[in-house]
Amino acid sequence: MDKNISFTLKVWRQRGPKAKGAFESYPMKDIPGDTSFLEMLDILNEQLVNEGKEPVVFDHDCREGICGMCSLYINGHPHGPEGGVTTCQLFMRKFKDGETITVEPWRSAGFPVIRDLMVDRTAYDKIMQAGGYISVNTGVNQEANAVPISKDVADEAMDSASCIGCGACVAACKNGSAMLFVSAKVSQLNMLPQGKTEASRRAKAMVAKMDELGFGNCTNTRACEAECPKSISISNIARLNRDFIVAKLKD
Amino acid sequence: MTKIDSKIPSGKLAEKWTNYKNHQKLVNPANKRRLDVIVVGTGLAGASAAASLGEMGFKVLNFCIQDSPRRAHSIAAQGGINAAKNYQNDGDSVYRLFYDTIKGGDYRAREANVYRLAEVSNSIIDQCVAQGVPFARDYGGTLDNRSFGGAQVSRTFYAKGQTGQQLLLGAYSALSRQVNKGTVELYTRYEMMDLVMIDGRARGIIARNLVTGKLERFAAHAVVIGTGGYGNSYFLSTNAMSCNVSAAIQCYKKGAYFANPAYVQIHPTCIPVHGDKQSKLTLMSESLRNDGRIWVPAKLEDAKAIQEGKKTANDIPDEDRDFYLERRYPAFGNLVPRDVASRAAKERCDAGFGVNNTGLAVFLDFKYAIDRLGADVVKARYGNLFQMYEEITDVDPYKNPMMIFPAIHYTMGGIWVDYELMTSIPGLFAIGEANFSDHGANRLGASALMQGLADGYFVLPYTIQNYLADQISVPRFSADLPEFVEAEKEVYAKMKKLMGIKGKRSVDSIHKEFGHVLWSCVGMGRTKEGLETAISKIDELRKEFWSNVFIPGEIDDLNVELEKALRLADFIEMGQLMAYDALTREESCGGHFREEYQTPEGEALRDDKNYMYVSCWNYKGEGVKPELLKEDLVYEETEVKTRNYKV
């Protein structure tokens, strides 16, 4: 059985995008180890509401590690120090009794704070809208097995497609670069025969939109890969660079 | 009595959909540009519908409760999507898929809808592959399949344990393309607050911008609801935190019938409840039942020892293990449908054989699969699920069996729709889990994704034209019409009332208490007495909520507690509706199990003579029992039988 722990929670509170934020500390007592990090915040919020105060605002939804909504920067790491999980899959048994746990929002020019720990990630949608698709209409399409795709390629495309769009890569990057996110989508689609027709256009359009939205450049620090909850590989970035250069050379 | 017209086309079952398409009305391209459609929801159904309608040339306004359409809860579906491709040459066909779905639904679904679903299933796979969905493939480069409950063929297409994610991302990509083209306007972090009606037709919505807290009005020629099910009524479910029934309840209050609310799916393989701080339950994919064997100790003393922590699963020798699904249902074994598997687990636990310290769990064991296939193969198939299980429970499923227990997962009931997916309000459509149409009293695994995409890609884009063709001369509406102003005022008054209560209890504390009532009285086993208790307890909780809830913060501002309170108000109405329906339906079928109606072997006992109908509930006002209308189910080409998974 998991033990209960007590600790101090240092949480970033910020009223709005332009407001000045500050840390506030909350003592947390006897939290069971099998409580998830977000459930722990639920407990805090229940306490705050019972005291007549406004709860800490944070993004969360599926709570099973797949929707990509949760986005907390915990003790200096996106989704916390535990690798390979999202915040919602982080459990309190991973923390020590008496510890101080610092919780911040994603901090990046591309993701302005909305309130407290909630940030605006519509920039990701905009990058997707620029070219994150195969241009095919709903209707009669070619029989699914008509074009064989080797298992290796399908598996690799699946690995790239595992990105949950949470933004941890941007939050982890000292340049605030969105290259891991963009490259994962470009790789998935450009790798598959269905996506090759538009490969060049896609790479250029998505990169241009990323630059336009104020995301930084990639300098290969690999922080994104290390902090990605889905372990998306930076080989995607290499692939995107290749596709991008080929596209530019063709111009 | 009001006549319910399901508008099923004439002709033979296999020809109905073709006939319909051949004779329905169409809208020409120039007119499409002049017609606006509101689509609420961006899950599989909503996103695929919005994208398809945008491609066709309609102007679409698409509303999303999260910060991006990619987060809709369809994303969490793990196992797969069914289609009648028969790639495995194992005897599958459109008819088989249709038949399995009708049978799986315990003969409480509409025959023509289900046949159409099976018919378009293959197009969905073609569509998704064309979009770049990376389905699992075999070494030869062709698509791979696996088996799911309730079927004797392998017809489930999958993308690792993340099929819902990949299908949703496919629909999200298609949607993003239309946003880029300007055919779809996307509104993220918006929640629908009310439906606006003009002259008896759905003409728009009032939505709340969740960032500013302000109400906004949106007008259109038709409104499509794709807002999912009502599983979160129970507080604890496998649904995401923002899943709610408010959009559906507003439609219901405006005159849309609510169909079969009692049909709730309780999924057999979820991680058991721990503690009272838990916010949601986590599903372990049904695909695990392909290779995992479900058991409890055969001896009561072993079960007791495990509950007390004196023994572990590995201490129980094979001969003392009761593989109760294989014992009771030899033909389907561990792959019986969900309702059957859930009830069987409950039966064992009620009899004292449950494991876990609560006695409310059964084992799902991979020891045998690992012995048979090797740990590597098991890891390749289920690695991410095993990892997830270990993260949550701190137990290694390669060495110890998983512990699982049934949990609320999906709701077969929903807004009543006719064959065209139109509700009883002209111009209001419902798609995906939000409607009731295809799963009867129990949904088969891997069929939710199929239905969501069928509705959004291949059904609604046709049927909505039959309605819109009559609307081409109707000019665009102004959202300043008195009907909109009035509706907005009413929503604001409700919010103000809630804010003004300033009571002593948080929204969650009331929701948890309400959820307990639902789970114990309107859960896996239901009785007349329990349901009557539930109805009166819900009355009390409604009073408690409206007099004692406390919401901090401001009304015209981002306010998470206010959002939750608005949703809980509707969950309470939903819960009572479920109880009314369950009380009225004096039979057991699919997910609806009335303990008074069972066979001597404990199987569900249907009453086809008296209950072979869709119950359609018609709202009659605040605090008044709604009126029950019936749509008789007519099976033209299916022999109605007792479901049997034994032989």
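Mentor: A residue is called buried if 20 or more other C-beta atoms lie within 10 Å of its own, exposed if 12 or fewer do, and partly exposed in between, with C-beta atoms placed from the backbone. With 21 C-beta neighbours inside 10 Å, R189(B) therefore counts as buried. The model is predicted, so local features need pLDDT of at least 70 and side-chain atom pairs count only at pLDDT 80 or more, while totals for chains, interfaces and linings use all residues. Residues are numbered from 1 along each chain as its sequence is written, and chains are lettered from A and ligands numbered from 1 in the order in which they are written.

Trainee: Where is R189(B) found in chain B?

Mentor: Helices (H or I, at least four residues) and strands (E, at least two) are DSSP runs, numbered from the N terminus. R189(B) sits in the loop between β5 (184-188) and β6 (190-198) of chain B. Its phi is positive, about 55 degrees, although R189(B) is not a glycine.

Trainee: What is the phi of K160(B), and where does this residue lie?

Mentor: K160(B) also has a positive phi, near 45 degrees, and is a residue other than glycine. It belongs to the loop between β4 (156-157) and α6 (163-181) of chain B. K160(B) is buried, having 22 other C-beta atoms within 10 Å.

Trainee: How many helices and strands are there in chain B?

Mentor: Chain B has 18 helices and 19 strands. The radius of gyration, taken over C-alpha atoms, is compared with a globule rule of 2.2 Å times the number of residues to the power 0.38. For chain B the radius is 24 Å, close to the 26 Å that the rule gives for 647 residues, so the chain is as compact as a globular protein of that length. The C-alpha trace of chain B spans about 75 × 60 × 50 Å along its principal axes. Of its 647 residues, 61% are buried.

Trainee: In which order do the 4 strands of the open sheet in chain B run?

Mentor: Strands of a sheet pair through backbone hydrogen bonds, either parallel or antiparallel. Two strands count as paired if DSSP finds at least two bridges between them. Here the order is β16-β10-β18-β19 (chain B), and the pairing is antiparallel. The edge strands, each pairing on one side only, are β16 (414-415) and β19 (627-632) of chain B. Between β10 (residues 258-259) and β18 (residues 613-618) of chain B there are 2 bridges, and F258(B) stands opposite W617(B) in β18(B).

Trainee: Which helix packs on the sheet?

Mentor: Axes are lines fitted to C-alpha atoms, for helices over the stretch in contact, and angles run from 0 to 180 degrees between N-to-C directions. Residues are in contact if their C-beta atoms, placed from the backbone, lie within 7 Å. Helix α17 (residues 560-584) of chain B touches β10, β18 and β19 of chain B, and its direction makes about 140 degrees with that of β18(B).

Trainee: Which residues touch the most other members of the largest nonpolar core?

Mentor: In soluble globular proteins, nonpolar side chains tend to be buried together. A nonpolar core is a set of buried Ala, Val, Leu, Ile, Met, Phe, Trp, Tyr and Cys residues joined through C-beta atoms within 7 Å. The largest has 291 residues, and V224(B), I225(B), I415(B) and F429(B) touch the most other members. α17(B) gives the most to this core, with 14 residues. Leaving out residues up to four places away in sequence, I415(B) touches, among others, I225(B), F258(B) and F436(B).

Trainee: How many residues of chain A are in contact with chain B?

Mentor: 65 residues of chain A are in contact with 65 residues of chain B. α1(A) gives the most to the side of chain A that touches chain B, with 7 residues. For composition, Ala, Val, Leu, Ile, Met, Phe, Trp, Tyr, Cys and Pro count as nonpolar, Asp, Glu, Lys and Arg as charged, and the others, Gly among them, as polar. That side of chain A divides into 27 nonpolar, 22 polar and 16 charged residues.

Trainee: Why is α2(A) described as largely enclosed?

Mentor: 8 of the 10 residues of α2(A) are buried, so the rest of the structure largely encloses this helix. The buried residues include Y124(A), I127(A) and M128(A). Their cover includes α5 and α7 (199-212) of chain A together with α6 of chain B.

Key: Two residues are in contact if their C-beta atoms, placed from the backbone, lie within 7 Å.
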